Amino acid sequence: MANPVTSSILQLPKRPWFWAFVASGITFGATYALTEGSGSSELISAALTFATFSAIVGIGQMFVITMGPGNVDLSIPATMTLAGTLSLKFMDGSTALILPGLGIALFVGLAAGMFNYLLIRLLRIPPIIATLSASFLYQSLAIWWNRGLRIKPPEALADFTTGSLAGIPNLTIVGLLIAVASWFILQRSIFGRWLSAVGQNTRAARLSGIPVEAVKAATFIGSAVLASLTGYLLASFSGGAALNMGTEYLLISIAVVVIGGCSIAGGNSNVPGIWGGALLMFLVVSMLNSYGLGAGVRLILTGTIIIAIVAAASGRKGSA
Amino acid sequence: MNTKAKLLAAVALVSVTLPGFAVADTADKRIALSNNYAGNSWRQAMLTSWEKVGGEAVESGAVAAADAFTTSENQATEQAAQIQNMILQGYDAIVLNAASPTALNGAVKEACDAGIIVVSFDGIVTEPCAWRIAVDFKEMGRQQVEYLSTRLPDGGNLLEIRGLAGVFVDDEIHAGIEQGAQEFSNFKIVGSVHGDWAQDVAQKAVAGILPSLPEIVGVVTQGGDGYGAAQAIKAAGRDVPIIVMGNRQDEMKWWAESRDANGYETLSLSIAPGVGTLAFWVAQQVLDGADVPKDLTVPFLKVTQDTLDATLAATPEGSVANVEYSLDDAKAVISAAN
């Protein structure tokens with residue numbers, strides 16, 4: 001074989017996350033063709049910004065899905081809404097309270113994650129049902145707390161979330177740092193090994209002495225904390241928390257995991273694919289909007305594209 | 001028929017035939033609100049208005065109860081079950097904001113057959129036995145383009161932000177905007193996105209389509225999406241065009257700030273969430289034996305450059321511009337339709 005660089009390039013198509021990035025590139029090109037070259041940096045910066053929200057919740061969802069069949073966190077939208085609502089109401093536009101506000105948001109995530117896990121563990125409710133019913137509680141709590149009023153974020157926080165550093169949106173930098181940390185946890189740490197083992201065979205993992213319940217608890221808490229961080233950032237970015245702000249992130253968080261080439265049956269996940277999937281989810285909608293297609297066609301094509309990518313990614317496994 | 005029923009029938013007959021006695025007492029009547037969704041600021045304001053006006057009506061003895069019920073999942077099946085529960089609980093009238101114009105017809109018919117008055121508003125139902133307090137959503141769309149034509153006689157490119165795909169209201173407003181674009185043919189809709197009536201979704205969708213759009217002179221909207229659009233356009237470094245707003249406090253605040261900074265002018269229109277209280281009084285009037293036509297129309301609430309400051313001051317932070325209706329307002333709407 002040639003030198004290591006070429007061989008690692010040749011290995012690229014075998015990476016599970018490869019196709020998500022290929023598809024993102026193609027959709028970007030197709031949209032770019034319409035802009036006559038003028039709007040490409042605009043489009044890149046918008047894609048990076050909005051993909052960040054999907055990527056952060058997607059990473060949380062990925063950890064949960066890695067634990068194997070039946071494990072999914074449906075409380076992500078409600079946790080986002082609750083964290084956004086509580087923290088923005090607490091800060092009430094005051095710059096001095098930005099960090100305590102972040103603390104409150106993360107605490108909401110911590111509490112929600114623990115509550116989710118306790119429902120699953122103590123009441124032996126399947127994760128789908130537990131997180132879904134818990135999400136009604138969180139959503140109701142958010143409604144009760146502030147009756148849907150939008151409180152503006154502190155000026156400095158709004159500037160940070162909408163600003164950029166050397167052309168890269170600040171939010172994207174945050175999202176990439178989280179991705180790098182998550183990659184390390186998943187691929188290089190003992191926790192990541194445990195998690196994959198649990199996802200591949202829980203019984204075998206337990207018999208080999210892995211603290212299965214601790215892994216589960218940490219994963220659900222991690223997912224909720226990432227969701228609450230996203231809620232805090234999204235609310236600050238879009239000028240206030242709204243009761244329906246998390247709605248679309250339920251499907252997106254699961255879609256980016258699937259598109260990113262993670263095994264939906266658990267035990268085999270990767271972090272770069274989440275970013276690839278998040279970029280694609282934004283770019284596909286932008287492309288179809290730019291070509292002036294109606295909502296019906298758009299939904300059909302979005303579904304078709306997701307199926308095509310998953311098929312391409314799994315075809316790779318078959319031939320390898 | 002027992003004596004009591006005969007007596008009641010006689011009283012009813014007298015009160016119907018003698019208009020002077022048409023104030024048949026509704027003090028023992030119980031009205032329920034069946035609401036399909038509570039997850040945004042408009043619905044929250046609607047529920048707050050209902051609580052306030054309904055509570056006062058109960059206190060003053062106009063009705064015996066004005067209870068509000070909201071389904072959690074915004075599903076027609078769930079709301080049909082809710083209506084059936086209300087029938088069993090023996091409410092005299094159900095005021096309904098429906099999840100679907102047709103899917104609840106069966107449950108509504110059951111309620112009518114049980115002698116219950118059903119008044120639908122905002123999300124109306126097509127079942128003939130129910131009353132409808134409808135908003136002319138189509139006109140709401142058309143008027144936006146009409147307004148833009150007064151501001152921009154030369155026309156230009158428009159961006160349309162639609163609501164939630166597949167919802168009746170979205171189709172109606174969209175049809176009105178299309179009609180307006182035909183009527184004022186120097187306007188061209190060059191892009192259309194779905195903002196789901198949410199600022200953050202609108203912001204995301206607009207940011208995605210902007211790079212491929214030529215210069216736009218106006219943005220037509222459906223409410224709850226104007227502020228998000230303004231943020232996205234500002235972030236892209238473009239001049240902010242005339243964005244028609246939807247009465248949300250954050251939209252009006254942004255408008256007032258832009259007006260103070262650079263003389264920004266626009267129009268804002270939506271339905272007041274207090275329309276629920278109009279439906280409440282209409283139900284009370286029907287229970288009272290008044291002759292109420294089945295189809296009523298509620299005017300939409302417009303905020304103009306002149307009324308901006310007053311409306312903004314009266315709107316709670318983060319909420320939506322609102323009007324609560326009184327019994328007299330309801331009577332006026334009824335007599336206008338008669």
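Predicted model: local features only at pLDDT ≥ 70, side-chain atom pairs only at ≥ 80, totals over all residues.
In β4(B), B:S120 is the bridge partner of B:L96. Residues are numbered from 1 along each chain as its sequence is written, while chains are lettered from A and ligands numbered from 1 in the order in which they are written.

**Overall build of chain B**

- Chain B has 12 helices and 12 strands; these are DSSP runs numbered from the N terminus, with helices being H or I of at least four residues and strands E of at least two.
- Domain 1 covers 24-129 + 272-298 + 322-337 and domain 2 covers 137-244, with bounds from an automatic or database domain assignment.
- The centres of these two domains of chain B, taken over C-alpha atoms, are 32 Å apart.
- The C-alpha trace of chain B spans about 80 × 40 × 35 Å along its principal axes.
- A compact globule of 338 residues would have a radius of gyration near 20 Å, and the 22 Å of chain B agrees with that; the radius is taken over C-alpha atoms, and the globule rule is 2.2 Å times the number of residues to the power 0.38.
- Of the 338 residues in chain B, 52% count as buried, meaning that 20 or more other C-beta atoms, placed from the backbone, lie within 10 Å of the residue's own.

**The six-stranded sheet**

- An open, parallel sheet of 6 strands runs in the order β2-β1-β3-β4-β5-β11 (chain B); strands pair if DSSP finds at least two bridges between them.
- Its edge strands, each pairing on one side only, are β2 (65-70) and β11 (295-298) of chain B.
- Within it, β3 (residues 93-97) and β4 (residues 117-121) of chain B pair in the parallel sense over 4 bridges.
- Helix α3 (residues 76-88) of chain B lies across β1 (30-35), β2 and β3 of chain B, at about 170° to β1(B); axes are lines fitted to C-alpha atoms, for helices over the stretch in contact, and angles run from 0 to 180 degrees between N-to-C directions.
- Helix α10 (residues 275-287) of chain B lies across β1, β2, β3, β4, β5 (131-135) and β11 of chain B, running at about 155° to β4(B).
- B:A279 sits in helix α10 of chain B and counts as buried because it has 28 C-beta neighbours inside 10 Å.
- Leaving aside residues up to four places away in sequence, B:A279 touches B:V95, B:V119, B:F121 and B:I133; contact means C-beta atoms, placed from the backbone, within 7 Å.

**The four-stranded sheet**

- Another open sheet with parallel pairing has 4 strands in the order β7-β6-β8-β9 (chain B), with β7 and β9 (242-243) of chain B at its edges.
- Strand β6 (residues 156-162) of chain B runs parallel to β7(B), joined by 7 bridges, and B:I161 stands opposite B:V193 in β7(B).
- Helix α6 (residues 168-183) of chain B packs on this sheet, touching β6, β7 and β8 (218-220) of chain B, and its direction makes about 170° with that of β6(B).

**Where chain B meets chain A**

- The contact takes 35 residues from chain B and 32 residues from chain A.
- On the chain B side, α7(B) gives the largest share, 9 residues.

Technical notes: Contact = placed C-beta atoms within 7 Å. Buried ≥ 20, exposed ≤ 12 C-beta atoms within 10 Å, placed from the backbone.
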